[in-house]
Amino acid sequence: MPSQKTFSTFDEQIELLKSEKHLVITDETYAKDVLMRIGYFPLFGGYKHLFRIPLTKKYKEGTTFNEIVALYEFDSNLRELFFKYLLQIERHMRSLMSYYFSEKYGESQTAYLDENNYNNSQRNHKIISRLISTLQRAVNTTDYVYINYYRANYNNIPLWVLSNVLTFGNLSKMYKVFPQSLQSKICKNFGCINRKQMEQFLSVLTKFRNVCAHGERLFTYRTIDNISDLPLHQKMRIPKQGIQYLYGKNDLFAVVIAFRHLLPKEDFLEFKGKLTIEISRANKNLVHITEKELLEHMGFPKNWKNISRYQLTP
């Protein structure tokens, strides 16, 4: 077992970084302020690895404290940027799902609490059971003024009201067990996405949303599940290892691909422009990480900017 880490003061942390890690710190007052605001572990535990000499605990010659901070801030800006558009997609899905479900089954809360109004196959049965338990808890919550209002005045909470308290994960699971007819209606709002592709999009986006919301490291994050192989992968000539695409399956570029399909074109172009600026700014500040290395860690192909040039097809 490695020895337990011991407490050290901010001044001791700075001395450790200089003397043992050989990190260049030109302004100790600034470094101390950063460590006070961010903390040693969130900063170095999450962002030191790209600057380390392989198989050692020392940093590449000339690596500065400011570079570590620049990578941290880059990731923080990415989380803010991606989170904005993830929330936009979440709102859109919430609206479509509550609309089509209520159109088919009515506004009574008994409709979405009835397992027979879902694709209640043997494979889905446990998911539906857990989903209905989640919906029932939401119906009974006292945490939201509008839920309390509908309960007190109408003794009924329509899905278009209740859906506002559901998480992206709840919505993803609900879509997964929606009747196929409702899944198809939802997908038609996005052009060329089929039911299975949408299910995979929502599953992957849910996990990236949680990373953004909880302040975890985003740019290197990978999910266990993948999005489907899409015509866009082929059109962009994304390289493969065997039959598996190397980029755009379970990485941050997979989220960009999902955005390309799920966001209005003008919103996607706005997102891509902001992302381009963030990557360009990071490249200027990261002396010891090349643009190629940064894109690799993000799961981006080198021609990622071409994603908006190709027409989306089924």
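Q: Buried means under 20% relative accessible area, exposed over 50%, partly exposed in between (1.4 Å probe, protein chains only). Is Leu55 exposed or buried?

A: Leu55 is exposed, because its relative accessibility is 91%. This is a predicted model, in which local features need pLDDT of at least 70 and side-chain atom pairs count only at pLDDT 80 or more, while totals for chains, interfaces and linings use all residues. Residues are numbered from 1 along each chain as its sequence is written, and side-chain values use heavy atoms, without hydrogens and water.

Q: Where is Leu55 found?

A: Helices are DSSP runs of H or I with at least four residues, numbered from the N terminus. Leu55 belongs to the loop that joins α3 (40–47) to α4 (65–105). The backbone of Leu55 has a positive phi, about 70°, although this residue is not a glycine.

Q: What phi does His22 have, and where is His22 found?

A: The phi of His22 is positive too, at about 60°, and His22 is not a glycine either. His22 sits in the loop between α1 (10–19) and α2 (28–38). The relative accessibility of His22 is 43%, which means that His22 is partly exposed.

Q: What is the place of Asn140?

A: Asn140 belongs to helix α6, which covers residues 125–140. Asn140 counts as partly exposed because its relative accessible area is 49%. Eleven residues separate Asn140 from Arg151 along the chain, and the distance between their C-alpha atoms is 8.7 Å.

Q: Is Ser163 buried or exposed?

A: Ser163 has a relative accessible area of 2%, so Ser163 is buried. The loop between α8 (159–162) and α9 (168–177) holds Ser163. Apart from neighbours within four places in sequence, Ser163 is in contact with Arg94 and Ser98; contact here is heavy atoms within 4.5 Å.

Q: How many aromatic pairs does a search of the whole structure find?

A: A pair of aromatic rings is described by the distance of the centres and the angle of the planes. Rings of Phe, Tyr and Trp (its six-membered ring) pair if their centres lie within 6.5 Å; planes under 30 degrees apart are stacked, over 60 edge-to-face and the rest tilted. The whole structure holds 24 aromatic pairs. One of these is Tyr85 with Phe271, an edge-to-face pair with 5.4 Å from centre to centre and 70° between the planes.

Q: Why is the pair of Tyr149 and Tyr150 edge-to-face?

A: The ring planes of Tyr149 and Tyr150 stand at 80°, with 5.8 Å between the centres, so this pair is edge-to-face. Tyr149 is partly exposed because its relative accessible area is 43%, and Tyr150, with a relative accessible area of 25%, is partly exposed as well.

Q: Which residues form one aromatic cluster?

A: Tyr30, Tyr40, Phe44, Tyr59 and Phe65 make up one such cluster.

Q: Where does the charged end of Arg52 sit?

A: A charge sits over a ring if NZ of Lys or CZ of Arg is within 6 Å of the ring centre and within 35 degrees of the ring normal. The charged end of Arg52 is over the ring of Tyr59, 5.9 Å from the centre of that ring. Arg260 lies over the face of Phe268, where the distance to the ring centre is 5.8 Å.

Q: What volume does the largest pocket have?

A: On a 1 Å grid over the protein atoms alone, a pocket is an open set of points where a 1.4 Å probe fits, with protein on both sides within 12 Å along at least five of seven lines; lining residues have an atom within 4 Å of a point. Points are joined across faces, edges and corners, and the volume is the space filled by probe spheres set on them. The largest pocket has about 550 Å³. Its lining counts 17 residues, of which Lys5, Thr6, Ser8, Leu16 and Tyr40 are the closest to the centre. The elements α1 and α3 each give two or more residues to this lining, and α3 gives the most, with four residues.
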